[in-house]
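The structure is shown first.

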Amino acid sequence: MPRKDNLDPQPLPRSFFVRDPRRVARQLLGKILVRHSKGLHLTARIVEVEAYLGIEDPAAHAAAGRTLRNAVIFGPPGHAYVYFIYGNHYCLNVSCEPEGKAGCVLFRALQPLSGFEEMARARGIHLRGPQDWPKLTAGPGRLCQAFGITRSRDNNCDLTSPSSELWIGDDHYRVRAISQTPRIGVTKAAEVPLRYFLRDNEFVSGPKATRHSVVHGRAIPVS
DNA sequence: ATATCGATTATCT
DNA sequence: GATAATCGATATG
């Protein structure tokens, strides 16, 4: 039998995103983010995400109600919500839930698969070796810089269409253990565990604090 | 390895 | 006028 991974990534159906962001977040782990534009082809595996719910989630941009900035997360599912933060960085999300209901998943870290040198150039760094690879895409701001993602270019982009410059593909990669912790950097609902990442993956962002993680639904003590 | 801090601006109150 | 879903540099143990 042929292996089912290592295939060209196939787009995800719109229905994939018409669900609670917590389910979408988990299912997005292991999928591939593709940047395909003239003269540039980048791919990287999604290894860390966070779920942001609707207007009832105090940490979500949706909590403020629909504004010009956050309109995409109230719109149709499967579209890119890109925002600018801290005067420096862009962050990438994908809209979830049916149109009219808010919800999204934030991309926090990727594992580069192809286009390493192009990503390094976009990040303005020089790769000395594999130890530098996480600097390319470990962190929501970093991965956007590596992929050249900006609000003016990519906000509202359809991530289910392979003819988009930015889209999400599935190569049937098999995910192993998933860890779950509170979301990073939020001040409201700071304890709610809606951050998901591939356990033991070297490209996950943030301090090594895998404390409070939950693996396969069971609490795992980590010293 | 962890803590603290400054940069810099779109967006909203 | 205040805030922010971050990053990189610096300081310290």
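The model is predicted, so local features need pLDDT of at least 70 and side-chain atom pairs count only at pLDDT 80 or more, while totals for chains, interfaces and linings use all residues. Residues are numbered from 1 along each chain as its sequence is written.

D158 sits in the loop that runs between α5 (151-154) and β7 (166-170); helices (H or I, at least four residues) and strands (E, at least two) are DSSP runs, numbered from the N terminus. With a relative accessible area of 19%, D158 is buried (under 20% relative accessible area, with a 1.4 Å probe and protein chains only). Beyond its neighbours within four places in sequence, D158 is in contact with R14, G78, H79, S164 and L166, contact being heavy atoms within 4.5 Å. The side chain of D158 also takes part in the polar contacts tabulated here (a pair of N or O atoms within 3.5 Å, where one must be able to donate a hydrogen and the other to accept it, and residues adjacent in sequence count only if both atoms are side-chain atoms).

| Side chains | Polar contact |
|---|---|
| D158 and R14 | 3.0 Å |
| D158 and T160 | 2.7 Å |

In helix α2 (residues 116-123), the buried residues are M119, A120 and R123. They lie on the same side of α2, because their arc around the axis is only 100°, taken from the directions from the helix axis to the C-beta atoms. The cover over these buried residues includes β3 (40-52), β6 (104-114), α3 (134-137) and α4 (140-146).

Conventions: Chains lettered and ligands numbered in written order. Heavy atoms only, no water. Buried < 20%, exposed > 50% of the residue type's maximum accessible area, 1.4 Å probe, protein only.
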